[in-house]
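Dear colleague,

I am handing over the structure we spoke of, which you will find directly below. Please keep it open while you read the notes that come after it.

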Amino acid sequence: MIALADKITKSFGGRVLYSAATLQLNAGERWALVGPNGAGKTTLLKIIMGQESPDEGTISFAKDTSIGYLEQEAKLAGEKTALQEVVDSAVEIRRLADRNKELERQISQTAPGQELDRLLEQYGKAQDRFERLGGYELEARAREILAGLGFPVEDFDKPAKEFSGGWQMRISLSKLLLRHPDLLLLDEPTNHLDLESVQWFERFISGYDGAVLIVSHDRSFMDSCVSHVAAIENRRLTTYTGNYSSYLRQREDNLEQMRAKRAAQEREIAHMQVFVDKFRYKPTKAAQAQERMKKIEQIKSELVLLPEGSKKVHFRFPDPPRTGDMVVSLEGVSKSFGDNHVYSGVDLKLYRGDHVSLVGPNGAGKSTLMKLINGQFKPDTGTVELGQNVTESYYAQHQLETLNPANTVMGEMDSVAPGWTSSEERKLLGAFLFHGDDVLKRVSVLSGGERARLALAKMLVAPDPLLLLDEPTNHLDIDSVDVLEEALKNFPGTIVLISHDEHLVRAISNKVVDVRDHKVTEYVGDYDYYQFKRAELEAAAAGEATAPAGKAPVPAAKVAEAEEPAATGRNVKTKEQRRAEAEARNAQSRALRATKRRLKEVESALTPAHERYDELMKLMASEELYNDSAKFDEAMKEYQALSKKIPRLEEEWLELSEKMEAGA
């Protein structure tokens, strides 16, 4: 046991957040703390940290437990570089180093006996901890963590105070990870990371040997790295074993059991009530009626309390104005900032209905590409043009100038939703976490997160045909992300998205644009297709890296044959060669597995696509549908989309089948 929150009760202004909540955190366990916005997740983290006090209950820790806490906001000052900030944060490791030196001095001056044995035991424990915390390679680990969280090497020596707020949060996270505390408390740690940094962070957390407690709205992240879930629901804390998806299944199973038990209790009450009503005044049956009345009261006192159902908000957002087929065209585009060359020769066309995710390492130019489309940046060479009738909305957390500080939240909504009722506006605002009197707040007093949510809600009320979204899920809870996801999935216009939320990227993308190494590469397919193609490229690169100069890569089967060392004095492979060949085989094996997985995905998509295509052909031949112009247009739109999708899937199926045969 590293930490125990025992029977914690906490209230705010008469509202109970949770009562008798108990949570034990053990070494090697990675917990997600989930619950609706306002349930008290951050408050529980602060109670464990000692920054707030519970109304009832206790917090206890194992002896000498070290704790690290990442808050949602951080501000760095002073003249230290990013690397210095991170290295200097490892105070405990430095103390251990000093302690080891002192013990070495004492040991050298102590004669054999009990005192020396005691010092040697202390030294052994201190040395083990120093090694476990990475004391011998402190700076190397700091560099590895900074790089993993997206910092270019050239930024390691840049003063920390010169970084933006999001990058300062990454420095703060790097400091925590280097310190390697026994208990790691993280509040929305992925908010300021890009997709590739999140994936690195997932791997880091998955191998963490201490206890971790994370508040996050990122489902894919929680699925990848948590082993337990603590859910705050209906003023109770319930624990589950497994990742986030497993928690959802278990919760639904529990709810089904609770509903079934509640229904059985209500049936039993109703059955006995019939007897009571019929015989309570009949002398010969009065005693039995009395017994049943007592039984009814007992069952009522034991009635299963069903949790309040979370209110799901469903909106059919207005369709944007119709544009021409071509929405965005970039031809021969290059962009540099001083000596920093971003890319050149970019040719890219986006069409109506494209839902595009921009992916790639941080600093490669994703946001720059979005700002070129938006017109905030001008290309150094080449052209960027919007198609016929194309207008765009740009959402980024630091670009919220369109909000009027003098307006209330409701007033801002009124300005873009003239046909909406007050009730409809409140319902949508509730989906984006504005409840009750929140809608009467002035924009001028809203926090950064509240402004971001309001700007997002405004954008979806009357959307432009081109939506440019840079990290739209920050400051949303999972239910709000669901509302956004549904709105974007069903959006008939064009979307360009940058997001660290893999679940959202996977849900809405039908095209992926990869930005890296000064190049922009388009993948016409969903996120799974993109990952499959990237795995192929990495396998090919690994194969080329192991081939001798001037020779083609050695096929996996040939590598396996060559693995046997020659016993007759011929060249024996070095350890490095064998490792490189093993890496090549692993890369090729991963590529084959990715091919097989993608083939299954394509096959499972093709069958319903063909079936729906046949249905639409029959439907569109009917006079009834033809006479309903709205339904006919909708069917025609789906038919045109399938007409493009099916040939693409069939072509990919053939390509994948050939690769499976070649790799078999």
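What follows is a short account of strand pairing, aromatic pairs and charges over rings in this predicted model.

I begin with strand 1 (residues 3-12), which pairs in the antiparallel sense with strand 4 (residues 56-61) over five bridges, Ala-3 having Phe-61 of strand 4 as its bridge partner. Strand 1 also pairs with strand 2 (residues 15-25), again in the antiparallel sense, over seven bridges, and here Phe-12 stands opposite Arg-15 of strand 2. Two residues lie between the strands in this hairpin, where Gly-13 takes a positive phi near 55 degrees.

Turning to the rings, the count comes to 12 aromatic pairs. One of them joins Tyr-244 and Tyr-247, whose ring centres are 5.4 Å apart and whose planes stand at 55 degrees, so the pair is tilted. These two residues are three apart in helix 9 (residues 244-279), and are therefore separated by about one helical turn; Tyr-244 counts as buried at 7% relative accessibility, and Tyr-247 counts as buried at 3%.

The rings of Tyr-529 and Phe-532 are likewise tilted, because their planes are at 45 degrees, with centres 6.4 Å apart. Both residues lie in helix 17 (residues 527-546), three residues apart, about one turn of the helix, and Tyr-529 is buried at 14% relative accessibility, as is Phe-532 at 3%.

Finally, Phe-151, Phe-163 and Trp-167 form one aromatic cluster, and Arg-170 lies over the face of Trp-167, at 4.2 Å from the ring centre. Arg-453 lies over the face of Phe-434, at 5.3 Å from the ring centre.

With kind regards

Conventions
Residues numbered from 1 in each chain as written. Predicted model: local features only at pLDDT ≥ 70, side-chain atom pairs only at ≥ 80, totals over all residues. Heavy atoms only, no water. Pairing = 2+ DSSP bridges. Helix = DSSP H or I, 4+ residues; strand = E, 2+ residues; numbered from the N terminus. Phe/Tyr/Trp six-rings, centres within 6.5 Å; stacked < 30°, edge-to-face > 60°. Buried < 20%, exposed > 50% of the residue type's maximum accessible area, 1.4 Å probe, protein only. Lys NZ or Arg CZ within 6 Å of the ring centre and 35° of its normal.
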